[in-house]
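Please consult the sequence and the structure shown here while reading.

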Amino acid sequence: MFTDKIELKDFDKMDPEYKELLGRVLTIQADCEIGGPHLYVEKMLPAAPNKLEQLIVARTAAEEIDHFRKIARVAGDIGVDVSFVLSQPNEKRYVDAFRGVIDTWEDHAVFGFLIDRVGRYQLEEFYDCSYLPLQRILPDIVNEELGHIEHGYNKTKELIESGDEGKAKAQRAVDFWYVRALDMFGRSGSKRAERYRYWGLKRRANEQARQDYLNEVNPILEELGLKIPDPLKGRHFL
Amino acid sequence: MSEAVPETEKLDEHLQEVVRALYGAVKRGITDPKAADKAIHDCKEILDVIMEGKVEEWVH
């Protein structure tokens, strides 16, 4: 296992596999950061239920753009250009959950509650990682993601408490996003994930991170009075 | 040392400006309800440009 800590000035000396994996993980992270606003800004900015929520949609998008900026800076400094993801069509996003458009408020709420939570897990993988410039930008990004998750949770709860119709809408959105959230962790037993861990770029195996997520999110769904969807139905990566 | 992507600095500065402008508009809209419509309109204009993703135009 590689246990050193790497600064930008050390990057050139690193093994080609390290360089490739770091470039890859930064590109995917940048794509996920900007992929969120591309999913919901077009429909949700004009259609959020009130002006305050419209402004919160804009603020959330601003924070995600800023996360993209920070990741793009770290990537750019090692010669990896991630700017192409700014104009990438949604259907070409690296992660399936970002390939579409969010056009209902319940989907927007549940996206924050479930998918931004996976985003937090992805970022937590880099805690104490071997590449220090990446580690340094994490605390502010994670704090803002926590805000998105909380807002998503609160809006989902409001919907459920609004009555049967609202609860049914929330359940449908959870059914849709839950399996996508689980797929975001990637394949169990992934060889690449093992190499990320070897180089100190990630902490957990995909299946471990996914299980941690399930252990966190299932009790919340139950507490909200929602049914836990079948965790295998519709999955692409097991 | 590894060669940085040429427009890294410029893109970073541009996006910082964008984010600052968005935060400013959101703050105006939240603190003064009378300014909310204009603030939402301003956010939409800024975000529409970012969603287009014409990076070349931003950095040159």
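This is a predicted model: local features need pLDDT of at least 70, side-chain atom pairs count only at pLDDT 80 or more; totals for chains, interfaces and linings use all residues.

The crossing of helix 2 of chain A and helix 1 of chain B is left-handed. Residues in this contact comprise 14 nonpolar, four polar and eight charged.

## Packing within chain A

Helix 2 of chain A also packs against helix 4 of chain A, at an angle of about 160 degrees and with the axes 10 Å apart. These two helices are therefore roughly antiparallel, and their crossing is left-handed.

Residues of helix 2 of chain A in this contact include Glu53(A), Ile56(A), His67(A) and Val74(A), while those of helix 4 of chain A include Pro133(A), Ile137(A), His148(A) and Lys155(A). The contact is made up of seven nonpolar, four polar and eight charged residues.

## Helix 7 of chain A

Helix 7 of chain A comprises 18 residues (206–223); at 1.5 Å a residue they should span 26 Å, which agrees with the 26 Å between its end C-alpha atoms. Gly225(A), whose phi is positive, near 80 degrees, follows this helix.

Among the buried residues of helix 7 of chain A are Asn206(A), Arg210(A), Tyr213(A) and Leu221(A). The cover over the buried residues of this helix includes helix 3 (105–124), helix 4 (132–161), helix 5 (164–183) and helix 6 (191–198) of chain A.

Conventions
Residues are numbered from 1 along each chain as its sequence is written. Chains are lettered from A and ligands numbered from 1 in the order in which they are written. Side-chain values use heavy atoms; hydrogens and water are left out. Helices (H or I, at least four residues) and strands (E, at least two) are DSSP runs, numbered from the N terminus. The expected span of a helix is 1.5 Å times one less than its number of residues. Buried means under 20% relative accessible area, exposed over 50%, partly exposed in between (1.4 Å probe, protein chains only). Contact means heavy atoms within 4.5 Å. A crossing is left-handed if the near helix is turned anticlockwise from the far one by less than a right angle, and right-handed if clockwise. Ala, Val, Leu, Ile, Met, Phe, Trp, Tyr, Cys and Pro count as nonpolar, Asp, Glu, Lys and Arg as charged, and the others, Gly among them, as polar. Axes are lines fitted to C-alpha atoms, for helices over the stretch in contact, and angles run from 0 to 180 degrees between N-to-C directions. Angles under 35 degrees count as roughly parallel, over 145 as roughly antiparallel, 65 to 115 as roughly perpendicular and the rest as oblique.
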